Amino acid sequence: MTRQAPPAAFVIMGASGDLTTRKLLPALARLHAGGLLPHGFAIVGTARSEMNDEQFRQLLHDAAPKGGAGWRDVISRSRYVAGEYHSPLTYINLGEVLREVDNACATGGNRIFYLATPPAVFGTIVERLGGAAMNKPSEHGSFVRVVIEKPYGRDLKTATELDHTVHTAFDESSVYRIDHYLGKETVQNVLALRFANAIFEPIWNRRYIDNVQITVAETLGIGHRGSFYETAGALRDIVQNHVLQVLTLVAMEPPARIQPEEIRDEKVKVLRAIDIMSSDEVNDYTVRGQYGPGEVLGERVEGYCDEEDVAPDSHTETYVAARFMVDNWRWNGVPFFVRTGKRLRAHTTEIAMEFKDVPHLPFKAMDATGLGSNVLVVRVQPDDGITLRFGAKVPGQDFRVRTVDMDFTYADAFTEESPDAYERLLLDALVGDPTLFIREDEVRNAWKICDPILDAWAEGRSPLAHYRAGTWGPKEADRLLAHEGRAWHEPCCGS
Ligand code: BG6
């Protein structure tokens, strides 16, 4: 069933920023080209940069020139309001423009406020929207929703404070905390794989699975985001949100229905079941690293401390590896190893479910030297798909076995194009489907897992390890698995 967005004014706070031009505007253009945005649709930008409507329209055109028939009209109706986020005047002007847009574009009083600003002003914006009564529908039957980017807080305390502020203006049902990983097609496919097939779920547990590995590897460095990254680091930037979200989908119990609250309830149960590490455990089960100079994809790159806006003696981690235990009936004793890093050898995100070995191998040691454990790999990106790694007989007179791959790729199996993650999530927010957005208790439980790690690191536990750009990270991360007799799974692909 094709979903169609209702009429709405899409208000982007932080409209001159990188996220807007790189992700939001192209995603809106693609939705428009796909016929998923209605006639009564308008974009209103707000930011501190001085710009008039025409300049904003040019920015929109440059960032997203192709939106199909009628997209030029959407651009030509779009409006811009310059102003400081803390200034009530900004909201008076924005309210005025929104009233004009409602009249001119038949947006029905429906509004999405998308907070694509630096996180430090999320609370202020929400408060000011409330103060200007823009948090309430202006017409009977219309809606007002707020989409909030990550990072949502920088620890449990600040996330809880932000929640309090947000809830003074918006009911939880109108709050859409975005994590773009949930919009990725293959991440959602974890649910299809597990719950639409008879063959996987019976073996998706401690009896058959030895360990789970989640890798989010990037070849990119921090680009021009040095000042943000210095305050974040890889744990806050990727693990607290993307990695733990993926982990919940892998580990959760089957929901009775694919309904927002049922799925989110199950995800929260997983987060609550994750063992909170003591500071000794942080030392034993986490590794933090930082890249030095090296070569990535054939190009020489500088080390993290030489990047723009980074302190020369920075201790910010650009790499994290950790072992999490999910203490429940299904997963007791199964380690979930996660790793993420910048400037690694390849750009790849994948989930590898490594199965236990057979109880007895009836082949002579030499005949089975090329045989590894069975692994089911969900490749989230690039080359989205699934690989099953298993042992097969090598053709010939001898009886030798070796590991082979059975592959499914989205590109080969489907003619339909996968929507970009933002495209999917913006449409969800417009139609009012919060399934793939993060509920308040998910955020808080994720911080409860990460806070003790951050605290122990701040006390000097797990000293910062260094790795050469273009490798798979510090060797200390290998030891995390090696002392349990395990090893990182070699990613299937990556560019
Ligand atoms: C963002 C992080 O949330 O995700 C970035 O802030 C990171 O640091 C990005 O590069 C990775 O997203 P993707 O979709 O390219 O894997």
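Me: Which residue is the bridge partner of G45 in β3?

Reply: The partner is Y80. Keep in mind throughout that this is a predicted model.

Me: How do you know that β2 and β3 count as paired strands?

Reply: Two strands pair if there are at least two bridges between them. Strand β2 (residues 41-47) and β3 have 4 bridges, in the parallel sense, so they count as a pair.

Me: What is the order of the strands in the open sheet, and is the pairing parallel or antiparallel?

Reply: The 6 strands follow the order β3-β2-β1-β4-β5-β6, and their pairing is parallel.

Me: Why are β3 and β6 said to stand at the edges?

Reply: β3 (79-82) and β6 (175-177) each have a single partner strand, so one side of each has no neighbour in the sheet. On average, neighbouring strands of this sheet are turned by 20° against each other, with direction ignored.

Me: How many bridges join β14 to β15, and in what sense do they run?

Reply: The two strands are joined by 10 bridges and run antiparallel. A392 stands opposite R402 in β15. β14 and β15 form a hairpin with 5 residues between them, and G396 in the turn has a positive phi of about 140°.

Me: What makes the contact of R389 with D405 a salt bridge?

Reply: The cut-off is 4 Å between a side-chain nitrogen of Lys or Arg and a carboxyl oxygen of Asp or Glu. For R389 and D405 the N to O distance is 2.8 Å, so the pair qualifies. R389 lies in strand β14 (residues 385-394) and D405 in strand β15 (residues 400-409), so the pair ties together parts that are 16 residues apart in sequence.

Me: How far apart in the chain are the partners R486 and D210?

Reply: R486 and D210 form a salt bridge, with their closest N and O atoms 2.6 Å apart. The pair links distant parts of the chain, 276 residues apart: R486 is in the segment after α14 (476-482), and D210 is in strand β7 (residues 209-217). R486 has a relative accessible area of 19%, so it falls under the 20% cut-off and is buried.

Me: Where do E54 and R57 lie?

Reply: Both are in helix α2 (residues 53-63), 3 residues apart, which is about one turn of the helix. R57 is buried, at 16%. By the same rule, the count comes to 36 salt bridges.

Me: Is S462 buried or exposed?

Reply: S462 has 5% relative accessibility, so it counts as buried. S462 has a positive phi of about 50° although it is not a glycine. Its place is in the loop between α13 and β16 (465-469).

Me: Which residues lie nearest the centre of the largest cavity?

Reply: They are Y152, Q240, N241, I438 and V443, out of 14 lining residues. The elements that give two or more residues to this lining are α8 and α13 (440-458). The largest cavity holds about 130 Å³ of space.

Me: Which element gives the most to the lining of the largest pocket?

Reply: That is α8, with 5 residues. The largest pocket has a volume of about 1,500 Å³, and its lining divides into 19 nonpolar, 16 polar and 14 charged residues.

Terms used:
Residues numbered from 1 in each chain as written. Predicted model: local features only at pLDDT ≥ 70, side-chain atom pairs only at ≥ 80, totals over all residues. Heavy atoms only, no water. Buried < 20%, exposed > 50% of the residue type's maximum accessible area, 1.4 Å probe, protein only. 1 Å grid on protein atoms, 1.4 Å probe; cavity = no way out; pocket = protein on both sides within 12 Å on 5 of 7 lines; lining within 4 Å. Points joined across faces, edges and corners; volume = space filled by probe spheres on them. Nonpolar A, V, L, I, M, F, W, Y, C, P; charged D, E, K, R; others polar. Axes fitted to C-alpha atoms, helices over the stretch in contact; angles between N-to-C directions.
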